[in-house]
Structures are given as C-alpha cells and as structure tokens.
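Hi there,

Here is the structure I promised to pass on to you.

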Amino acid sequence: MATIYSRTLFLGASALRGVARQQVRQRSSAPLSYRNTRSLNLASTAKQQLAVKEAPLSANSIVSSTPETESLNLKFGDGSASQMPYVWLRENCQCSECYNSMAQGRTFLMESLDLNISPSNVKNDEEEVLVEWNDGHVSKYTKPWLYDRAFTPAARAQHRNRYALRREPWGADHQLKEFDYYTMIKDDKVLLDWLLTMERKGSAMIKNTPDRDIAGPEIIEHIAYVKQSHYGPHSPVINRPNTNNVAFSNAKLGMHNDLPQYEQMPGIIFIQCVKQHRGTGGESVISDGLFAAESLRRNHPDAFKILTTTDAYFWDKGHANYSWEMDEFYKISKMPILTLNSDNEVIRVAVNNAIRDSYLDLPSHKVKSFYVAMKLLNDILYDNSVRFKMDAGDMMTLDNVRCLHGREGYEAFSERHVESSYLDWDEARCRRRRLQEKLGVFI
Ligand SMILES: [Fe+2]
Ligand SMILES: [Zn+2]
C-alpha cells in the first residue's frame, strides 16, 4: 500500500506541475486568440467556443498518437512530443501476463521479444493508450506512465535526478553546512536536507554528537545500514599500539579516500571527533576530488587521461587490533585513481598514499608519467583545500568516493580520539527518494 501511495504522490506532483505550466501557457496565449476571433468566420468561432468549454489539458494527457514505422509518435498536453519505439513499448507492456504489478517487476522475457514487432491498431482513449500488436497481444499504458517515460530531454532529466542529484563542485572558500545530531534523527525534513546536501556538496558537519564511540553507527542505523569493513562497524582512530593501519597512528595523513582496498569503497564516511588534541596538531584538511579532477581535465588533459585509464592496486593486510575486527585480512583491489562513467563523468576518486600498492601492472616506461599525473592531482587538491580543527562533538560527513580528508600529525601521547564509520550511497539515495515521496519534496 505504501508503495502505491508513494507512487501516486510522484504522479500527482508531476501532474500538478504540468497543470501549472498549462495555465501559464493559456494565460499568455489569451490576448492573441482574442484578437484573432474578430476575423474568424462563424463556423470557426463556434468551434472555438466549444473548445473553450472543454476541460484544460493536463500536461501528461495525450493529444495524439500516430503510428510510424518503428515507433508511436505521442504528442502530450504540455506541447512536448516523443517517439516511443515499438520494441520498448512491447517489452514494457503493463498487462498482468507481462508485468507483475505487486512485485513491480517485468515477467516478460527477452527471449519472447520480437524486435520487429509493430501494432495493427492503436487507440487513444480517455485514460489509456491501447496497442494491439500484429501477433494479437494487447498492451495498455496509462497516460501519466507514458509521459514520465517519454524520450524527451525533460522527462529523461527528471528521472536522472531521481537516480542521483547533480553534484556541485567546491573550492577553498567552501563552508560546510551544519546540522544538529538529534534534530537529524527527530526531524525527517532535516534528515532529507542532510541527504540532499551530501549528494550535491559531498560534505556536511553534524554538531552536538553524543560522547559515545558508536554515535556514528547509531545515526547511520537511523538512516539505513552501517557499511562494515574488516575493521568492523566503527574504527577508533587513535594512536594504537601494534597498529594495523597508518591512520591509527599519530602521523600526518595526506588527503585520502577511505578504504580503496575495497572494490566497493564506502560511499559516505562519518568522522566523529570524540576528543581533540589540545595545542597544535590534529587539524583536518579536506578537498573536493570532483573539483580537482575537473580542473585537471581542463588544464592537464594528458594527466587526466592517464589517471582515468591506468589502474593502481590498493591493498591492506593485517590482523585485528580489537575484538570487532576481522582476525586476519588481506585485501587487494584494482582501479584507476579517477573512474569515469559512460558519460565521461568522474564518479569515483581513489587517492590513498598509505595503501596504494607498490606493485604496478604497467610497463616500466609508463611509470614516471603516472607519478607526474598523481602529483599534479595532489597539488590541485591541496591548492583548493579547506582547513579547520574539529571540536569534541563534531562529526564531519564526506562523500568518500568524491571528497578527500587528511590530518596534521600530533604528539604521540595525545588523548585525541576520532571515530570513523560508513554508509553506502545506495542506502543514502534510497532514503532520500523515500523521504522525498513521503514529504512531497521534488526537485
Ligand atoms: Fe581516513
Ligand atoms: Zn502484455
């Protein structure tokens, strides 16, 4: 029931937006049609009066459906039009034979798809478009369903946004937006704001975190699930004896992304300051890897090409320091420093000097140019970084496949205690979409 209700909200909101657009169109065209009626003959005047009496078209209504060779050409109430390919329409038939509406999944199999299918008849009635195929199967599609899936730039952009929000790169003047720990837990609107901020800016600061080492996992459990690693659900970043990671020492840490030794790096890192080092040392430095990568792409295209096409190994081998860690671990991953998607967008940054492996699967003559490119990226990251010192009770949250964090070294016998824990992007975006539906907030 909840699913059906939420989906109705989506459709309702897009229909409302459509009606609003239609009203604007009607208002702006009114003076022109008024002038034109003066010169019209009686018959067309009568026809126009009849049209005025009809209910205004909603954006997702279908004005006309014209069968063409490979697709059905639909014209919508908002003036937009889209070719809907027959092969796509057939595969996405919504009848109970082809689609399980309870499970919301296609039951129609690829093996059953006739790539050259075409309709023998198309009917555009009040609610639905009915297509009778030349093999006798009949498909029905509601008009809002077709409108939402139109192959128009606007409809495609709307769903792209539902998938993931557009990221907004930032430089050295960036200020982390602040949130209150308990308000985030109590107020879904504030939680949604944090989720939207994390998708767009990849960074935020949660204030007034309780003085518990599991405050990170607790707020993550409120959002979704903790992403575990061989370090368990949370990691005390303190100066550990027999440390199993360079981070768990008092050394200066260059800016890095956490856990690139995992093929699926954690999506969001929660860095909680439980106790800060008094005096100099322990300051944080963060930078936007997306901003740096785009700067590298613009100004050093050769280096950008190297970092997007050369795989590095990342590795981690060790033994447990705490009872909740894996007894023994030995991870190796392989990925480029900058990963691109099929639209050539940078979707993952993997920078970590401590755990990037000394093994390189490269011919030796390509090694130096790889280092030149890594150093250029590192320089851009530091030139555009933000520095500050966290206080006890602060919890910094960063998009871990985009933004980097580092820290200044501090004295060995400090009380400094930082905790880190993780949440995956799949879960964060999932929560964002559900909250948008629940609260009726659409972007
Ligand atoms: Fe880290
Ligand atoms: Zn069907």
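Predicted model: local features only at pLDDT ≥ 70, side-chain atom pairs only at ≥ 80, totals over all residues.

The metal site

Ligand 1 is an iron ion, and its protein donors are His256 (NE2), Asp258 (OD) and His405 (NE2). These donors lie 2.1 to 2.2 Å from the iron ion. If you follow the donor residues along the sequence, you get the spacing H-x1-D-x146-H.

Are His256 and Asp258 buried or exposed? His256 has a relative accessibility of 8%, so it counts as buried, the cut-off being under 20%. Asp258 comes out at 11% relative accessible area and is therefore buried by that cut-off as well.

Strand S20

Next, find strand S20, which covers residues 395-399. How many of its five residues are buried? The count is five of five, so to speak a strand that is mostly covered under the 20% cut-off. On one side you will see Met395, Thr397 and Asp399, and on the other Met396 and Leu398; both faces are covered.

Which strands pair with S20? Strand S10 (residues 203-207) does, in the antiparallel sense and over four bridges. Within that pairing, look for Met205, which stands opposite Met396 of S20. Strand S13 (residues 268-275) is also an antiparallel partner of S20, with five bridges. Here Ile269 has Leu398 in S20 as its bridge partner.

Enjoy exploring it, and write back with any questions!

Best wishes

Key
Residues numbered from 1 in each chain as written. Chains lettered and ligands numbered in written order. Heavy atoms only, no water. Donors = N, O, S within 2.8 Å, 3.2 Å for Na, K, Ca; no water. Buried < 20%, exposed > 50% of the residue type's maximum accessible area, 1.4 Å probe, protein only. Helix = DSSP H or I, 4+ residues; strand = E, 2+ residues; numbered from the N terminus. Pairing = 2+ DSSP bridges.
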